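Me: I have a structure open and would like to learn how to read its side chains. Could we go through it together, one feature at a time?
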Amino acid sequence: QVQLVESGGGSVQTGGSLRLSCTASGNTYSTNCIAWFRQAPGKEREGVASITAGGARSVYVGSAKGRFTISQENVRTPVYLEMNSLKPEDTAMYYCAADPRYQGAYCTDIKPTSYMYWGQGAQVTVSS
């Protein structure tokens, strides 16, 4: 079992920045992929970015490319999501997720159904 706790959410104005943290506990050495997802009211949960455990390789989805950075120093440290140039459409609950299954050299299967462990979420609100 792996437990995940997100922190760092908050409210910012358009163009601002936030950094989310995902701290894992439990059997963290079994984790292969860690990802950030988000869910806005009335919308489906969508993938934002993923990283291989230990931080070697990352993948970004859609509008996260060029604005967000996912990072992890090593398997014992938190996973961060640095978000810059935030827009109102980035407003959502952001979730950290982890999965023990091997997806290949990159964690490209960034779908909610592909992740076993989930945090409780952190709210990000961007005002215009």
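Me: Is Tyr115 buried or exposed?

Reply: Tyr115 counts as buried, because its relative accessibility is 4% and buried means under 20%. Keep in mind that this is a predicted model.

Me: Which ring pairs with Tyr115, and how do I describe the pair?

Reply: A pair of aromatic rings is described by the distance of the centres and the angle of the planes. Here, a search of the whole structure finds 3 aromatic pairs. In one of them, the ring centres of Phe37 and Tyr115 are 5.4 Å apart and the planes meet at 75°, so the pair is edge-to-face. Phe37 belongs to strand 4, while Tyr115 sits in the loop between strand 9 and strand 10, so this pair joins distant parts of the chain, 78 residues apart. Phe37 is buried too, at 0% relative accessibility.

Me: What kind of pair do Phe37 and Trp118 form?

Reply: A tilted one, with 4.9 Å from centre to centre and 50° between the planes. Trp118 lies in strand 10, 81 residues from Phe37 in strand 4. With a relative accessibility of 26%, Trp118 counts as partly exposed. Taken together, ring pairs link Phe37, Tyr95, Tyr115 and Trp118 into a cluster.

Me: Where does the charged end of Arg45 sit?

Reply: Over the ring of Tyr95, 3.8 Å from the ring centre. Arg45 also lies over the face of Trp118, at 4.8 Å from that ring's centre.

Me: Now for charges that meet other charges. How many salt bridges does a search of the whole structure find?

Reply: The general idea is that side chains of opposite charge can pair when their charged atoms come close. The search finds 5 salt bridges in this structure. Arg38 is buried, at a relative accessible area of 10%, whereas Glu46 is partly exposed, at 39%.

Me: Which residue in the loop between strand 8 and strand 9 pairs with Arg38?

Reply: That is Asp90, and since Arg38 is in strand 4, the pair ties together parts that are 52 residues apart in sequence. The closest N and O atoms of Asp90 and Arg38 are 2.9 Å apart. Asp90 counts as buried, at 1% relative accessibility. Salt bridges link Arg38, Glu46, Arg67 and Asp90 into a network.

Me: Which side chain meets Asp99 in a salt bridge?

Reply: Arg101 does, at 2.8 Å from N to O. Asp99 is buried, with 0% relative accessible area, and Arg101 is partly exposed, at 43%.

Me: And the nonpolar residues: which ones touch the most other members of the largest core?

Reply: In soluble globular proteins, nonpolar side chains tend to be buried together. In this model, the largest nonpolar core has 26 residues, and Leu20, Trp36, Val48, Phe68, Leu81, Met83 and Tyr94 touch the most other members. Several strands supply at least two residues each, including strand 1 (2–7), strand 3 (18–26) and strand 11 (122–127). Strand 9 gives the largest share, 4 residues.

Me: What else lies apart from this core?

Reply: Another core, of 8 residues, with Cys33, Ala35, Cys107 and Tyr115 among them.

Key. Residues are numbered from 1 along each chain as its sequence is written. This is a predicted model: local features need pLDDT of at least 70, side-chain atom pairs count only at pLDDT 80 or more; totals for chains, interfaces and linings use all residues. Side-chain values use heavy atoms; hydrogens and water are left out. A nonpolar core is a set of buried Ala, Val, Leu, Ile, Met, Phe, Trp, Tyr and Cys residues joined through side-chain atoms within 4.5 Å. Buried means under 20% relative accessible area, exposed over 50%, partly exposed in between (1.4 Å probe, protein chains only). A salt bridge is a side-chain nitrogen of Lys or Arg within 4 Å of a carboxyl oxygen of Asp or Glu. Rings of Phe, Tyr and Trp (its six-membered ring) pair if their centres lie within 6.5 Å; planes under 30 degrees apart count as stacked, over 60 as edge-to-face and the rest as tilted. A charge sits over a ring if NZ of Lys or CZ of Arg is within 6 Å of the ring centre and within 35 degrees of the ring normal.
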